[in-house]
Amino acid sequence: MTGWEMEKLEQHKEKDVLILGIETSCDETAASVVKNGRKVLSNVIFTQIALHTRYGGVVPEIASRKHIEKINQVIEEALVQADVTLGDITAIAVTYGPGLVGALLVGVAEAKAISFAAGIPLVGVHHISGHISANYIEHEELEPPFVCLVASGGHSHLVVVKDYGEYEIIGRTRDDAAGEAFDKVARAIGLGYPGGPKIDKLSREGNPEAITFPRARVAESEYDFSFSGVKSAGLNYLNACRMKGEHFSQADVAASFQKAVIDVLVEHSLHAVKAYGYDKFAIAGGVASNASLREAFERECGKRRIMFYRPSPLLCTDNAAMIGTAGYYEYIRGVRSGYDLNAVPNLKL
Ligand code: KG4
Ligand code: ZN
């Protein structure tokens, strides 16, 4: 933490900073109240998964409509559970990108309306900054700098967290995100949507060494990822079995595919931690809730004496507590958004 930020924190010490976090970037309508950045007073999530399952993925138009239906109720519930009223809220933090534009707009419009009506400052938050900040909630001792792997449905980034809200992306995916590969292979296996948690569960009954799937490297950049190869190899394997009428074990395909993805995530991440000279490493994003991935990092970080941080699974997938936490650090840095805040679907970190 910089001296300047310490000073900012000091200024707020005598008074609790309560952030109302709002998140609607994809298919979860979520609101949370977070006290002083790290204490979650409430974390309400209305998940739309059941609505989208029949289509095999998130339907943006349906997501936006459901957000509109649910947002007021979810925010009210977050305030009630936290035992506060809007009058107690110091600032409203809202995800304004990246994500589905129509979905983001619901949260942004709602946050602006409450901010205007109740006279509460507004802070726009980057969704990935939120995912990374989820690590602060349960690890009071964690402070930047550290390296963080962000693996979600839309991103696979290796990030150096230089300070609160200050990031340098050192690796990214050249094609599919890790979560996207999980979802597509799961669908091909016949597991349905969302694929990640289903592969996670089924792989426990399978042999991760049964099928050899590729572990891709990107020639020019040792920290970049590429998951389209392993995804295609999975799809090709399944197609070949089906065309030849051969039986395949769903569990073995799931376990072998998952192992191939995890091996690459672990290898690249820990190589970066060492090369950049850090001793702290964190994971974030939906894929970070994967049990085998968490075990693999725990084991490998232990061997290398790297401190390993991970949010509990509920705080890895989309939620508003992480937005409240990221919003707190933005707020104390003096960041304020105007009423011209707009949804930015491809917002850069
Ligand atoms: O972070 P997130 O909730 O939303 C985005 O920002 O994208 O991540 C969702 C992604 C999906 O692709 C989902 O299949 C994957 O995270 N995911 C998992 C697991 N839980 C969610 N992947 C592997 N194992 C899991 N347990
Ligand atoms: Zn996310």
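Helices (H or I, at least four residues) and strands (E, at least two) are DSSP runs, numbered from the N terminus. The structure described here is a predicted model.

**Cis peptide bonds**

Gly97 and Pro98 are joined by a cis peptide bond, with omega at about -10 degrees. Pro98 sits in the loop that links β4 (91–97) to α4 (101–118). Another cis peptide bond is found between Tyr193 and Pro194, where omega is about -5 degrees. Pro194 belongs to the loop between α6 (178–189) and α7 (195–202).

**Helix α7**

**Zinc site**

The zinc ion (ligand 2) is coordinated by NE2 of His127, NE2 of His131 and OD of Asp318, at 2.0 to 2.1 Å. Along the chain, the donors follow the spacing H-x3-H-x186-D. Both histidines lie in helix α5 (residues 127–138). His127 and His131 are 4 residues apart there, which is about one turn of the helix.

The cut-off used for a buried residue is under 20% relative accessible area.

Asp83 is not a glycine, yet its phi is positive, at about 60 degrees. Asp83 is located in the loop between α3 (60–82) and β4. Arg305, also a residue other than glycine, has a positive phi near 55 degrees. Arg305 is part of the loop between α10 (291–303) and β10 (307–309).

How accessible are Asp83 and Arg305? With a relative accessible area of 69%, Asp83 is exposed. Arg305 is exposed too, with a relative accessible area of 77%. Exposed residues are those over 50%.

The accessibility values of the residues discussed above are listed here.

| Residue | Relative accessible area | Class |
|---|---|---|
| Asp83 | 69% | exposed |
| Arg305 | 77% | exposed |

Definitions and conventions: Residues numbered from 1 in each chain as written. Chains lettered and ligands numbered in written order. Predicted model: local features only at pLDDT ≥ 70, side-chain atom pairs only at ≥ 80, totals over all residues. Heavy atoms only, no water. Donors = N, O, S within 2.8 Å, 3.2 Å for Na, K, Ca; no water. Buried < 20%, exposed > 50% of the residue type's maximum accessible area, 1.4 Å probe, protein only.
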